[in-house]
Amino acid sequence: PAKLAAFEARVAADEFIEPKDWMPEAYRRTLTRQISQHAHSEIVGMLPEGNWIGRAPSLRRKAILLAKVQDEAGHGLYLYSAAETLGTSRREMIEALHSGKAKYSTIFNYPTLTWADIGAIGWLVDGAAIMNQVPLQRTSYGPYARAMVRVCKEESFHQRQGYEIMMHLAAGTDDQKRMAQDALNRWWWPSLMMFGPPDADSPNTAQSMRWRIKRDTNDDLRQKFVDITVPQAEAIGLTVPDRDLAWNDAKGGYDFGAVDWEEFYAVVRGEGPVAKERMKARRDAWEQNAWVREAAAAHAEKRARKAEAA
Amino acid sequence: PAKLAAFEARVAADEFIEPKDWMPEAYRRTLTRQISQHAHSEIVGMLPEGNWIGRAPSLRRKAILLAKVQDEAGHGLYLYSAAETLGTSRREMIEALHSGKAKYSTIFNYPTLTWADIGAIGWLVDGAAIMNQVPLQRTSYGPYARAMVRVCKEESFHQRQGYEIMMHLAAGTDDQKRMAQDALNRWWWPSLMMFGPPDADSPNTAQSMRWRIKRDTNDDLRQKFVDITVPQAEAIGLTVPDRDLAWNDAKGGYDFGAVDWEEFYAVVRGEGPVAKERMKARRDAWEQNAWVREAAAAHAEKRARKAEAA
Amino acid sequence: RDALFDYLCRLGDDSLILGHRLGEWCGHAPAVEVDLSLANMALDLVGQATHFLNAAGALEGKGRDGDALAFRRDVLDFRNCLLVEQPNGDFAQTMARQFYFSTWQHLLFDHLTRSSYAPIADVAAKAVKEVAYHRVLSAEWVVRLGDGTHESRARMIAGLDWMARFVPELFESDGTVAAMAEAGIGVDPAVFRSDYESAIGAVLAEATLDAPPAQRPILGGRRGHHSEHLGHLLCVMQFLPRTYPDATW
Amino acid sequence: RDALFDYLCRLGDDSLILGHRLGEWCGHAPAVEVDLSLANMALDLVGQATHFLNAAGALEGKGRDGDALAFRRDVLDFRNCLLVEQPNGDFAQTMARQFYFSTWQHLLFDHLTRSSYAPIADVAAKAVKEVAYHRVLSAEWVVRLGDGTHESRARMIAGLDWMARFVPELFESDGTVAAMAEAGIGVDPAVFRSDYESAIGAVLAEATLDAPPAQRPILGGRRGHHSEHLGHLLCVMQFLPRTYPDATW
């Protein structure tokens with residue numbers, strides 16, 4: 001209890017907690033879950049975009065998309081490393097993902113149907129991610145906060161690139177405009193769901209905020225996202241698919257329609273439109289290539305033995 | 001020796017030999033090799049065409065191509081059945097193919113690169129096949145001869161369809177003409193090789209002709225093919241890729257350039273441009289689907305046991 | 001009229017896309033007999049697609065024929081159900097897909113033989129016999145694999161399970177279906193849903209298999225919202241007409 | 001000038017097609033680190049392709065840029081070697097392909113840094129460092145897998161064997177190569193063939209592997225006569241520009 005008080009005092013003083021510091025088990029557990037979930041999202045998130053690398057419509061777009069997925073693999077690496085400092089191995093985290101125990105962002109359970117979806121993912125999904133992540137640069141756990149600094153810098157770059165794709169399509173041929181609007185229609189609501197359930201249904205928020213693992217509530221972030229994104233859509237002539245959307249002068253923000261939380265919870269349960277495909281792809285990648293990881297380990301061991309003998 | 005004499009007399013009298021009749025071992029062996037090789041060719045031959053089913057350029061062409069490969073599977077079936085009457089099981093024949101012991105037509109070791117190749121295969125490859133096969137409708141072994149009757153009827157249909165594709169391309173856009181000419185350039189010489197080595201290097205021809213397993217020599221059939229095909233090429237404005245090609249009034253046929261027999265023997269040895277791919281595709285189809293055949297057998301056995309018990 | 005065009009596209013696209021998938025097996029099937037029967041089904045389906053899409057083009061009256069519809073629409077304009085666009089997977093998955101689909105298509109075409117719209121009634125009259133055979137053939141394989149070896153049983157269960165979430169879409173009703181049923185042109189598949197379920201159940205029983213656990217339906221194909229697979233299929237299928245827009249073949 | 005255009009296309013197409021293949025791994029690699037390095041190599045290669053193909057288009061002077069060359073030629077006009085278009089296969093096959101190719105490309109680019117034609121010398125100067133890394137990375141995997149487990153060894157041997165028949169094409173000389181070497185723009189790869197062979201040999205030795213048995217060379221890519229795989233790759237790669245010819249992206 002003395003330790004706990006000291007810990008809470010440090011957190012309250014905005015000090016960073018470091019791997020060797022004492023921390024409550026629940027803090028460790030919550031953080032491990034949150035960071036590994038974030039890492040898994042980066043890795044699973046490569047799949048919907050990878051689906052379009054081969055079909056990117058110009059050499060420039062292909063290079064940008066390759067650079068983006070490369071960044072995402074990099075983010076996955078930092079985040080797994082940050083989570084490992086809390087005492088769970090990467091293998092354990094990945095196995096938890098594959099068994100369905102660990103989650104990843106619900107958004108990646110939707111398919112990418114047209115090139116506009118690559119724009120929409122950059123614009124909306126990375127946009128929402130940044131909104132979630134910027135505050136985490138000041139999260140209480142040092143390794144996580146430092147990983148977030150790098151991640152955020154790159155994500156905001158991705159967000160701009162995604163918006164630029166949409167802008168280009170929205171100013172393009174009729175077919176391109178249609179693709180862009182259709183992508184916005186499909187990705188809008190799932191993007192709002194990325195901030196998690198309404199605060200009223202999010203019982204852990206208070207604790208997480210006290211521990212500075214989280215620094216804003218779900219609803220606050222969602223509102224901020226809507227307020228920033230709606231004018232961006234308007235600026236390029238796209239229509240947000242929400243008939244209840246209206247500017248509210250009193251609150252200085254937009255009112256918006258009800259999110260379909262039943263859909264959200266179904267997707268959380270692993271019933272999203274391409275959830276089975278995503279998990280199969282990740283499991284296959286892991287299991288069918290196990291021999292590669294085993295070979296690398298076996299070779300490293302041979303090397304080490306030789307070095308010792310010499 | 002009395003049996004042999006009687007056998008040879010029947011063959012000489014153009015009687016059919018039937019499965020239960022006595023026959024020399026060499027006759028049985030040669031026929032088994034020839035028929036199974038022919039069956040294998042039908043099956044392996046589905047691969048270069050199958051490569052374009054998904055890319056057939058119109059619904060009509062897609063239907064025609066599907067009907068064609070279906071016919072080829074059918075031919076494979078008759079031919080395997082005919083060969084089985086000689087005492088070798090289909091499984092044994094297929095295993096001989098996969099081990100490299102049995103051969104298939106060298107022509108199927110070349111890739112199909114453009115849609116024109118589908119035309120060229122019909123026109124040239126089926127054309128050459130018919131030339132080889134028409135005489136076999138009168139081959140001495142009854143089941144083989146009867147299979148050939150059906151095969152020939154369908155092949156000549158395929159040949160006309162292939163020529164029609166080429167005709168259409170040759171009368172089409174510049175790109176289509178170029179495809180057609182390029183396909184002729186690539187398939188011409190391998191088609192001439194389909195008749196086998198020159199008579200001088202074909203020591204078994206005499207025996208096979210005496211047994212009426214073969215009814216014409218390789219060089220005679222090749223000449224006939226050239227004489228029929230060259231005017232067909234000219235009629236649609238394509239150029240046969242042979243600078244030595246010239247009409248010879250004296251022999252009433254074309255003189256033509258030297259076939260690259262080194263290439264032929266290399267392909268026979270399994271070193272054709274896509275030989276490894278063809279054999280891998282066939283082996284994979286067989287091995288990776290072994291469980292299906294095993295299940296069918298197991299189920300049939302269960303059924304039989306139930307029927308017995310009832 | 002828009003609804004009828006939409007309906008004809010749905011019918012045609014279902015057959016077209018499944019025909020394409022079956023054609024991918026060519027030369028790679030477990031046995032020659034199977035190669036033959038898969039090519040045969042593909043051929044039937046491509047034939048149906050040709051009739052339905054030609055009828056759709058004629059109705060539309062903008063100069064598009066079946067080829068234009070097959071080879072010049074992008075993914076958002078395809079109207080096939082999600083089931084038919086799913087990749088072949090192993091042979092058990094292919095047969096699961098075929099079994100679910102052909103059983104449905106057979107019941108549907110049986111109703112459509114009585115369509116008040118002659119082009120549909122005519123195609124259905126011919127196709128219903130073809131599809132009856134597809135239904136029997138795929139059901140036989142479900143039984144053989146389900147009640148075969150340990151391995152085939154496991155694969156058949158997995159295949160049926162993998163494809164099951166795309167089955168409810170077959171019974172989805174919407175404006176198009178309602179309008180067509182109302183006009184006596186089409187049929188609301190709800191009317192044969194219980195027939196479908198008992199037919200599926202009977203085959204599964206013979207295969208000694210349980211029905212796959214219920215799953216959340218995946219929908220969207222009829223509105224152009226497909227799985228990621230269709231786009232890849234179209235890349236291949238449409239390559240030549242897209243690459244040589246001025247050519248005929 | 002025709003020869004130079006051809007030469008630039010060969011250089012650009014090699015990088016473009018291999019970059020495409022590596023991109024296919026995205027999200028499916030054995031480990032996150034590998035996903036990262038494959039995407040990184042793909043990115044380098046697409047960058048090289050962009051420079052070479054833009055240079056080819058500029059030289060040609062018919063208004064085609066790198067995109068037009070990448071997305072609007074059909075298979076007979078592609079000039080890449082057969083090795084780079086081969087499918088990924090398993091990770092050992094992918095690494096065998098990369099090892100054979102990057103070792104060659106590194107030696108080539110090293111010579112091309114001294115090209116008398118500035119656009120080539122400039123691209124090579126930058127790319128030679130990238131490719132040096134691809135070479136090391138793939139060689140390390142050959143060693144790891146060759147001298148790893150029993151299974152990885154068998155797969156590495158099979159991968160090296162499967163890809164080996166496409167290596168002689170890298171050293172093929174023809175009119176284009178001869179003209180470019182003559183002009184000091186390019187190089188006849190014969191000049192570094194023995195370097196290549198000893199480099200390959202050294203890595204195989206470290207991997208405790210024998211050189212694959214000699215096979216009949218498969219040739220044709222430089223004249224547009226490819227394997228069956230390239231056409232399928234182009235279906236995917238060119239889909240959007242082919243489908244929406246009037247759009248820019």
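How many residues of chain A are in contact with how many residues of chain C? The legend to View 1 takes up this question, after two notes on the model.

This is a predicted model, in which local features need pLDDT of at least 70 and side-chain atom pairs count only at pLDDT 80 or more, while totals for chains, interfaces and linings use all residues. Residues are numbered from 1 along each chain as its sequence is written, chains are lettered from A and ligands numbered from 1 in the order in which they are written, and side-chain values use heavy atoms, with hydrogens and water left out.

**View 1. The contact between chain A and chain C.** Here 22 residues of chain A are in contact with 21 residues of chain C, contact meaning heavy atoms within 4.5 Å. The two chains bury about 1700 Å² between them, and 52% of this lies on carbon and sulfur atoms; buried area is the accessible area (1.4 Å probe) that two parts lose on being put together, summed over both. Between chain A and chain C there are 5 salt bridges, a salt bridge being a side-chain nitrogen of Lys or Arg within 4 Å of a carboxyl oxygen of Asp or Glu. A:Glu277 forms a salt bridge with C:Arg165, with 3.2 Å between the closest N and O atoms.

**View 2. The contact between chain A and chain D.** Chain A and chain D each bring 47 residues to this contact, and the area buried between them is about 4000 Å², of which carbon and sulfur atoms give 69%. On the side of chain A, the residues A:Leu59, A:Gln70 and A:Trp291 supply 20% of the area that this chain buries against chain D, more than any other three residues. The count of salt bridges between chain A and chain D is 3, and the side chains of D:Asp147 and A:Lys302 meet in a salt bridge at 2.9 Å, N to O.

View 3. Helices are DSSP runs (H or I, at least four residues), numbered from the N terminus. H2(A), residues 25–44, packs against H3(A), residues 46–53, at an angle of about 15° with the axes 5 Å apart, the axes being lines fitted to C-alpha atoms over the stretch in contact, with angles running from 0 to 180 degrees between N-to-C directions. That makes H2(A) roughly parallel to H3(A), a description used for angles under 35 degrees. Where they meet, A:Glu42, A:Ile43 and A:Val44 in H2(A) touch A:Met46, A:Leu47 and A:Pro48 in H3(A).

The axes of H2(A) and H7(A), residues 142–170, come within 13 Å and cross at roughly 30°, and these two helices are therefore roughly parallel to each other. In this pair, A:Leu31, A:Gln34, A:Ile35, A:His38 and A:Glu42 in H2(A) meet A:Tyr144, A:Met148, A:Val151 and A:Glu155 in H7(A).

**View 4. A salt bridge within helix H8 of chain A.** A:Lys177 forms a salt bridge with A:Asp174, the closest N and O atoms lying 4.0 Å apart. Being 3 residues apart in H8(A), residues 174–193, A:Lys177 and A:Asp174 are separated by about one helical turn. Over all chains, the structure holds 83 salt bridges.

Terms used: Angles under 35 degrees count as roughly parallel, over 145 as roughly antiparallel, 65 to 115 as roughly perpendicular and the rest as oblique.
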